[in-house]
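Please open the structure in your viewer and keep the sequence beside it.

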Amino acid sequence: MRTRQTHRPGRSLALAALAACTLGALSPAQAADYPVLRGSQIDDAPPAPEFDSRMNWSGFYVGGGAGVSSTKFEPGNGLQNLANFAYRNTILGNEVNMGSLVSNLPSKTDSGSTFFGFAGYNFTFGDVILGLEADYTKSGHQYLISDFIGRRLTTSDGTVNDFTMTTRQGAELKDYATARIRMGWAYGRIMPFATIGGAVGRFDTTSTIDATWRFTRINPVSGALENNVVAAGYPLRVGETKRNVYGFGLTAGGGIDMALTENLFLRAEYQIIRFADVEGTTTTINTGRVAAALKF
């Protein structure tokens with residue numbers, strides 16, 4: 001027996017309507033689960049903070065640092081003059097140039113770390129910086145050269161002369177200070193600069209000759225042989241050792257200041273100082289150094 005299926009339009013419409021209502025109810029809830037593109041729904045993001053590259057370099061500052069110095073000592077002709085002085089007013093000194101027997105001493109170099117402090121004041125004219133600065137450096141570099149000279153010479157009166165000279169030449173640069181003019185150009189927080197000025201240094205010095213003199217001759221009155229006689233007034237020392245002798249010179253240099261904040265900056269610098277003759281020694285200092293300073 002066959003069963004006959006009958007199509008009912010009213011029931012199909014009811015089912016379609018129910019499905020549509022169900023989908024409509026679910027759609028808002030499901031939409032809430034998806035991310036929303038928000039870029040076009042809010043105001044523009046705030047700009048990133050800008051770095052202020054400007055720097056007010058004017059004003060007073062003070063700082064300190066360390067460096068490496070090479071100090072060159074150049075002995076002059078002080079010992080030659082002392083040698084002539086040691087035999088002044090004698091027949092030996094009149095006939096022999098004693099200074100020519102003293103060799104020209106070689107230059108000596110001492111190097112090592114140095115420590116310094118400085119203070120100054122800057123004036124600004126647009127990007128141009130002009131300033132005054134003073135610094136103090138502890139050194140301790142030194143040299144010492146010793147030599148021995150012995151000769152036998154016969155003077156015009158037939159006297160055979162035996163003489164010696166023991167020479168000592170040296171100096172210690174204990175410390176020094178400079179006063180300088182600074183000229184710079186500001187590139188925001190970086191300022192290259194050059195300096196020029198004067199320097200004063202404190203030295204301990206040694207420049208001495210210990211001289212001896214013996215002679216052999218026939219006494220012009222008695223005709224007797226005088227053998228290996230010590231000359232009157234010898235041995236003797238000429239020259240002296242001195243403490244706290246001041247020398248003066250010139251200085252120049254250049255470097256770069258870099259500001260970290262409005263009140264703190266770092267420095268890298270080269271400096272050369274040349275001191276005039278101090279008790280027979282001329283001194284030149286070459287220094288590379290770094291420092292930090294506070295600006296007020």
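Colour the protein chain by secondary structure and follow it from the N terminus: the elements run α-β-α-α-β-β-β-β-β-β-β-β. The chain has three helices and nine strands; helices (H or I, at least four residues) and strands (E, at least two) are DSSP runs, numbered from the N terminus. This is a predicted model, in which local features need pLDDT of at least 70 and side-chain atom pairs count only at pLDDT 80 or more, while totals for chains, interfaces and linings use all residues. Residues are numbered from 1 along each chain as its sequence is written, and side-chain values use heavy atoms, with hydrogens and water left out.

**The whole chain**

Display the surface next. The protein chain exposes about 17700 Å², and carbon and sulfur atoms supply 59% of it; such areas come from the Shrake-Rupley method with a 1.4 Å probe, and for residues only the protein chains shown count as cover. Of the 296 residues, 35% count as buried. Buried means under 20% relative accessible area, exposed means over 50%, and partly exposed lies in between (1.4 Å probe, protein chains only). Among contacts (heavy atoms within 4.5 Å) with a separation of 6 or more, residues 24 or more positions apart account for 73%.

Select residues 160–185, which form strand β4, together with β5: the two run antiparallel and are joined by 24 bridges. Two strands are said to pair if DSSP finds at least two bridges between them. Within this pairing, Met165 stands opposite Ala211 in β5. β4 and β5 form a hairpin with four residues between them, and Gly188 in the turn has a positive phi of about 65 degrees.

The hairpin of β5 and β6 has six residues between the strands, and Gly223 in its turn has a positive phi of about 75 degrees. While viewing these strands, recall that in a regular strand the side chains alternate between the two faces of the sheet.

**Asp257**

Select Asp257, which is placed in strand β7 (residues 236–259). Is Asp257 buried or exposed? Its relative accessibility is 0%, so Asp257 counts as buried. Show the side chains around it: Asp257 makes a polar contact of 3.1 Å with Arg182 and another of 2.8 Å with Arg267. A polar contact is a pair of N or O atoms within 3.5 Å; within protein, one must be able to donate a hydrogen and the other to accept it, and residues adjacent in sequence count only if both atoms are side-chain atoms. Leaving aside neighbours within four places in sequence, Asp257 touches several residues, including Trp57, Phe193 and Phe265.

**Aromatic rings**

Show the side chains of Phe, Tyr and Trp. The structure holds 14 aromatic pairs. The rings of Tyr61 and Phe265 have centres 5.7 Å apart and planes at 75 degrees, so this pair is edge-to-face. Tyr61 lies in strand β1 (residues 59–75) and Phe265 in strand β8 (residues 264–278), 204 residues apart. Both Tyr61 and Phe265 are buried. Rings of Phe, Tyr and Trp (its six-membered ring) pair if their centres lie within 6.5 Å; planes under 30 degrees apart count as stacked, over 60 as edge-to-face and the rest as tilted.

Arg289 lies over the face of Phe116, at 4.0 Å from the ring centre. A charge sits over a ring if NZ of Lys or CZ of Arg is within 6 Å of the ring centre and within 35 degrees of the ring normal.

**Gly112**

Finally, select Gly112 in strand β2 (residues 108–125). Gly112 counts as partly exposed because its relative accessibility is 22%. Not counting residues up to four places away in sequence, Gly112 touches Gly67, Val68, Ser69 and His141. The C-alpha atoms of Gly112 and Thr71 are separated by 8.8 Å, and these residues are 41 residues apart along the chain.
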